[in-house]
Amino acid sequence: MELLQVSNIFLNIEGIQILSNIDMIIKRGAIHAVIGPNGSGKTSLINCMTGYYRPNQGSVFFKKSDITFLKPHKIARLGISRMFQQAEIVQELSVMDNMMLGRHIHFKYSTLQALLFYGKARREEGKHRQAIENAMGLLQIEEFKDRMAGSLPYGTQKRIELARAIVEDPEILILDEPTSGMTHQEKEEIIRAVLTVHEKFIPTVILIEHDMRVVMKISDHVSVMNFGKLIAEGSPQEIQQNSSVIEAYLGSKI
């Protein structure tokens, strides 16, 4: 069953054609990888899906509702969460406070109740903190909850951002190069975390990733982009054997 659909997307920025005639379907329950060389348009496509860019032509549908021109925070409330390529955590806040920022879309108490911190506000915060504790435990970062996020190693910061994304309780989790800049051990840890999150929390994942061994290992479906166009789609096994993909990106069979 399709959960998100991109239809006939064109994107032009300052006279440069970034995306051309992109059609893509994300099926419920899949880990769907989007790969391609640097500058192929992968992140621009994700920006169109999440409201950071508005395409010049085409539409984005989530559960058959048109979300093309919604603002990012409204798309997040609908159930699409994003982990950015660079860790976008607030360095000066504690890990717990960063988690609370991710959870804020579910807060239902008023500003006055929050300031006085009584009744509904106190009950709701307890509930939200429990959800956050569960996510931190899953990603093994609970020991850092009172530490300043900016004082922690880069790999840990990436796990914090992943935890913050999942506490939004999304139906789709978008991961933009989650292993970039990591050591081999850190990559293994984050991929295990992604697989655990996929299994226990979020059944649908969109993954942008340059490490093809990671892509081929965990993806159900792969879309390949080059120069702003979609050049191939299929299973990881099919993509490995696709001559257009090998020529444009992989260089050789994996």
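Guide: One term first: helices (H or I, at least four residues) and strands (E, at least two) are DSSP runs, numbered from the N terminus. Two strands pair if DSSP finds at least two bridges between them.
Visitor: And what kind of model is it?
Guide: This is a predicted model, where local features need pLDDT of at least 70, side-chain atom pairs count only at pLDDT 80 or more, and totals for chains, interfaces and linings use all residues. Residues are numbered from 1 along each chain as its sequence is written, and side-chain values use heavy atoms, with hydrogens and water left out.
Visitor: OK. How many residues sit between E1 and E2 in the hairpin?
Guide: Two residues. Glu 14 in that turn has a positive phi of about 50°.
Visitor: How many bridges hold E1 and E2 together?
Guide: Eight, in the antiparallel sense, between E1 (residues 2-13) and E2 (residues 16-27). Ile 9 has Ile 22 in E2 as its bridge partner.
Visitor: Which residue does Leu 4 stand opposite?
Guide: Phe 62, in E4. E1 and E4 (residues 57-62) pair antiparallel over five bridges.
Visitor: Now the open sheet. What's the strand order?
Guide: E6-E7-E8-E3-E9-E10, six strands with mixed pairing. E6 and E10 (229-234) are the edge strands, each pairing on one side only. From one strand to the next, the twist averages 20°. Angles run from 0 to 180 degrees between N-to-C directions, with axes fitted to C-alpha atoms, for helices over the stretch in contact.
Visitor: Do E9 and E10 run parallel or antiparallel?
Guide: Antiparallel, with five bridges joining E9 (residues 221-226) to E10. Asn 226 stands opposite Lys 229 there.
Visitor: Which strands does H1 lie across?
Guide: E3, E6, E7, E8 and E9. H1 (residues 42-49) runs at about 145° to E8.
Visitor: Switching to the largest pocket. How much space is in it?
Guide: About 390 Å³. A pocket here is an open set of points on a 1 Å grid over the protein atoms alone, where a 1.4 Å probe fits, with protein on both sides within 12 Å along at least five of seven lines. Points are joined across faces, edges and corners, and the volume is the space filled by probe spheres set on them.
Visitor: Which residues lie nearest its centre?
Guide: Tyr 52, Ala 76, Arg 82, Phe 84 and Glu 168, out of 20 lining residues. Lining residues have an atom within 4 Å of a point.
Visitor: Which element gives the largest share of the lining?
Guide: H2, with five residues.

Note on methods:
Contact = heavy atoms within 4.5 Å.
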